[in-house]
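This note sets out some points to consider when reading the structure. Please keep the sequence and the model side by side while working through them.

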Amino acid sequence: MAKAKSGAGAAGPFLDRILKGDSIEIMRGLPDASVDLIFADPPYNLQLGGDLTRPDNSRVDGVDDDWDKFQSFADYDHFTRAWLCEARRLLKHDGAIWVIGSYHNIFRVGAAIQDLGFWILNDIVWVKTNPMPNFRGTRLTNAHETLIWAAHSKDARYAFNYAALKTANDDLQMRSDWSLPICAGGERLKSASGAKAHPTQKPEALLHRIIVGTSDPGDVVLDPFFGSGTTGAVAKLLGRRFIGIERDPDYIRAAAKRVAAVNPAAAEDIATAPSKRTEPRIPFGAIVEQGLLKPGARIYAPSKRHVARVKADGSIAAVDRDGISVRGSIHKIGAHVERAEACNGWTYWHFEAETGLKPLDFLRDKARRAMKA
């Protein structure tokens, strides 16, 4: 379980503020390696031509603001590389960035991310459960957006709260396709006239998953295109610090009011489930040494399609598909019998328990608990 971080660090004077101005210029004034996580929702460069209307001739409230208009792809690429260069400078070495976009821009952004030295970890498809219909009937309904999650560099030890996301997903591994509704109802900010305060307000559920899964309490989260303030509101709720950058005064007023209304959750309620990446390493030999499995015990592959015997030195022996006896680590032998490049022996091999077959990982957890006792 990650501990809340203390101290404002180099970013201290800018924390929990919305900085007014051009994103790139403001970023240039922030100190090097001062943020842990960046969430960026940049202009999509939608290239809309003319008004879009519904079948009843009412106008669709789309994105037609000046901030989303660029003269050419070259101009957009120049803008993208400029803000991404600053983002990489501001990230700590073990930091990470999320960028969201649509088919209009995400492929250009992805190329720039790779060219600038970031290391892409995943692309995530946000499947919108309530997308806007395609009123013209000329294309498929655009029912998703794409997010790119990238580390500062290939060797970065980025934050990833795997166990927390798995727990949130009913003990199933979190996948890279996320089904979430678009922002609507009471969450959607409105202007005095009742119109949308911001045309591309993102749902809090999306930021909640990102911030819980890829940052720790006390981390500094930067949003260089702050808009309606979703990032700041969720960061404040979850015990993170934030820096927002926005140039539109109307957006700033709406976001500031929204963030001010958030009551942070208690420290004990924002701690994430512990990740095995941060747990002490337990070799399989220790399981045998502690008597959790005896020499000669049998362990099994899924559906018992392979069987192996545990040896006193922590190795295991099995017979492969060709009838050849092999011996080695739980990982090496698991990969060998499956004819795979790699294998996680802790989850592949199972032992007989009173309640049936259980993965070896169960014994590793038991050994870790014994170490802490």
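Is D313 buried or exposed, judged by its relative accessibility? The answer is given in point 3, after an overview of the chain.

1. **Overall composition.** The model under discussion is predicted. The protein chain contains 12 helices and 14 strands. Its C-alpha trace spans about 75 × 50 × 40 Å along the principal axes. Of the 373 residues, 44% are buried. Among contacts with a separation of 6 or more, 66% are made by residues 24 or more positions apart.

2. **Surface and charge.** The accessible surface of the protein chain is about 19,300 Å², and carbon and sulfur atoms account for 51% of this surface. There are 51 positive and 45 negative side chains, and the centres of these two sets are 6 Å apart. Side chains of opposite charge can pair when their charged atoms come close. In the whole structure, 18 salt bridges are found.

3. **The pair R327 and D313.** One of these salt bridges joins R327 to D313, with 3.4 Å between the closest N and O atoms. R327 belongs to strand β12 (residues 325–328), whereas D313 sits in the loop between β10 (307–310) and β11 (316–319). The two residues are 14 positions apart, and the pair links distant parts of the chain. To answer the opening question, D313 counts as exposed because its relative accessibility is 55%, and the cut-off for exposed is over 50%.

4. **The pair R339 and D322.** A salt bridge also connects the side chains of R339 and D322, at 3.2 Å from N to O. R339 is in the loop between α10 (330–338) and α11 (345–348), and D322 is in the loop between β11 and β12, so this pair ties together parts 17 residues apart in sequence. R339 is exposed, at 55% relative accessibility. D322 is exposed as well, with a relative accessible area of 56%.

5. **The pair D361 and R364.** Here the side chains meet in a salt bridge of 2.8 Å, N to O. D361 and R364 are separated by about one helical turn, because they are three residues apart in helix α12 (residues 361–372). D361 counts as buried, at 9% relative accessibility. R364 is also buried, with a relative accessible area of 13%; the cut-off for buried is under 20%.

6. **A salt-bridge network.** Salt bridges may also join into a network, as the residues D32, E86 and R89 show.

7. **The largest nonpolar core.** This core has 31 residues, and those with the most contacts inside it are V35, I38, W83, I97, I113, L222 and I243. Elements that give two or more residues to the core include the helices α1 (23–28), α2 (73–90) and α3 (106–115). Strands among these elements include β2 (35–40), β3 (91–101) and β5 (144–151). Helix α2 gives the most, with seven residues.

8. Leaving aside residues up to four places away in sequence, I113 touches L84, V99, F118, I120, I148 and A150. There is also a second, separate core of 29 residues, and W149, A164, F226 and A233 are among its members.

Definitions and conventions
Residues numbered from 1 in each chain as written. Predicted model: local features only at pLDDT ≥ 70, side-chain atom pairs only at ≥ 80, totals over all residues. Heavy atoms only, no water. Helix = DSSP H or I, 4+ residues; strand = E, 2+ residues; numbered from the N terminus. Buried < 20%, exposed > 50% of the residue type's maximum accessible area, 1.4 Å probe, protein only. Contact = heavy atoms within 4.5 Å. Areas by Shrake-Rupley, 256 points an atom, 1.4 Å probe, with all protein chains shown as cover. Lys, Arg positive; Asp, Glu negative; His and termini not counted. Charge placed at Lys NZ, Arg CZ, Asp CG, Glu CD. Salt bridge = Lys/Arg side-chain N within 4 Å of Asp/Glu carboxyl O. Core = buried A, V, L, I, M, F, W, Y, C linked by side-chain atoms within 4.5 Å.
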